[in-house]
Structures are given as structure tokens and as C-alpha cells.
Amino acid sequence: MGQIELRQVRKAFGAVEVIKGVDLTIADNEFVIFVGPSGCGKSTLLRLISGLEEATDGAIVIDGEDVTGKPPAERELSMVFQSYALYPHKTVRENMGFALTVARMPKAEIAARVDRAADVLKLEALLDRRPKALSGGQRQRVAIGRAIVREPKAFLFDEPLSNLDAALRVEMRLEIAKLHRRLDATMVYVTHDQVEAMTLADKIVVLQAGRIEQVGAPIDLYMRPANLFVAQFIGSPK
Ligand code: ADP
Ligand code: MG
């Protein structure tokens, strides 16, 4: 399961409120994408879900349980960081299993989970390599593998493809779509790339200045934008 609810979530940094009362339900297995201009609060919202930031007000509920105020480790979510966050001195296998090693999972279980993730991500032949001997796309796959082995309720991605060149970005976009079908997992994904949002999402959440402008399937936003901001951002026909 991986249903995530945000109820009137607010976040202020000092006197400045950057998330201004967000209500949203993300269904189990749904692929939800947050889009909006730089600074609108996408990363903050993701960090509030993950527990890396604490809400100033409102509640975050995962599978019916109020997790507001709980640390990230108790939320059973995996945040996918960009590929440069790999440990350079560890092998692919060690990178993928590291969080489980820290959690003192038995070695055989770690190996089994890493092997399963490597199969899904086509990394079997690369498990003994170190990050510097991998391509950009392979490194990104390892970063995703690290999240998969934790078998989370949901995956949280913050602009995972923004460091990749255009061709690789298209390839990885297809990989992520495949991954979503294969893992049957809830995915919450932040991007400022409209094309990425339109092609990957079951549901797009358009944000502006800490508020939701519109929520809907890509085709709905495209055909029936709620306002000029959404129309211009999504690139709807006039
Ligand atoms: P986005 O990911 O959409 O570009 P962010 O969520 O990173 O936007 O930021 C939203 C707003 O909150 C911005 O104005 C940003 O400067 C501010 N902000 C984010 N994190 C902090 C922080 N730790 N302290 C103060 N302001 C922050
Ligand atoms: Mg951001």
C-alpha cells in the first residue's frame, strides 16, 4: 500500500510561508507529478512528505496513519536523489545495499534484494563496478536501485533527470515509466519539465507560489486548464 494524503499542509521558513494550505490525495500505485516554476514549493512539498521538513500546520497521512512529526525512517518512503550522491569508493552492490546494511538486515536478505533490483534495472553485470566506471544513465539506475531495495510504500523523486543530457533524459524517462508499471508502486515526482510531466504522470499537480492551481490527468489539464497560468505552463492550445 502507498496512499498519501496531505491535509491543509502549511510550511513557513521564519516569517515566510512557502506552502500555503495544500490538500491532496495520492492513491496507491498512482504516479503523481508536481510541476511549477522554480521556487513554487515543489521540493519543499516532497520534503514534507518524506519527513525531511516538518509541516508548520496540517497533517500528512500515509495509509491512514498520521505521520506528521515522525522522522523519515518511520515513514517507509524512499527518496531518489540524483546520481551524484553515490558513494564513489563503494561498488554498485555496496551502494545499493548500504541503507540495509546500516539497518542491520541479514546479509543474505540484502544480497537477494540487491539481485532482484539489479534484475529490474538491468544492472546485473555491473554490480562489482564503482560509480566512476559507469555511464550517467547507469549511475542514475544505481540511485534508483538504492531506493528499490528498501521496498518502500512510495518513491519520491526530486528532478531525478535534471543533470542528464537531453538524449539520456528521454531514455531514463522511458525507464522510469517501465519501472512504475513493473513495481506497481506509488510515485511522487517533481520536475519543472512539462514534457516529462505530460508523458509520465497519471495525475499532475500544478503549483504556483505554494498553492495548488489545478490537479488532473495530463489530458484534462491540457484540454481544460483551470486558468491562464495552467494553460501557459502546460502549453495548452488557446
Ligand atoms: P522548488 O523546488 O519549486 O523550486 P522549493 O520548495 O525549493 O521550490 O522552495 C520554495 C520556496 O521556499 C523558495 O522561495 C525557497 O527559497 C524557500 N525555501 C526552501 N527551503 C528553504 C529553507 N530551508 N529556508 C528558507 N527558505 C527556504
Ligand atoms: Mg526544487
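Mentor: Ala, Val, Leu, Ile, Met, Phe, Trp, Tyr, Cys and Pro count as nonpolar, Asp, Glu, Lys and Arg as charged, and the others, Gly among them, as polar. This is a predicted model, where local features need pLDDT of at least 70, side-chain atom pairs count only at pLDDT 80 or more, and totals for chains, interfaces and linings use all residues. Residues are numbered from 1 along each chain as its sequence is written, while chains are lettered from A and ligands numbered from 1 in the order in which they are written.

Trainee: What makes up the shell around ligand 1, by class?

Mentor: The shell has 3 nonpolar, 6 polar and 1 charged residues. Phe13, Val18, Gly36 and Lys42 are among the residues surrounding ligand 1; a residue is near a molecule if its C-beta atom, placed from the backbone, lies within 6 Å of it.

Trainee: Which helix gives the largest share of that shell?

Mentor: Helix α1 (residues 42–50), with 3 residues. Helices (H or I, at least four residues) and strands (E, at least two) are DSSP runs, numbered from the N terminus.

Trainee: How do you know that β3 and β8 pair?

Mentor: Two strands pair if DSSP finds at least two bridges between them. Strands β3 and β8 are joined by 4 bridges and run parallel, so they meet that definition. Ile33 stands opposite Tyr189 in β8.

Trainee: Why are β6 and β10 at the edges of the sheet?

Mentor: The open sheet has the order β6-β7-β8-β3-β9-β10. β6 (77–80) and β10 (211–216) each have a single partner strand, so one side of each lacks a neighbour in the sheet.
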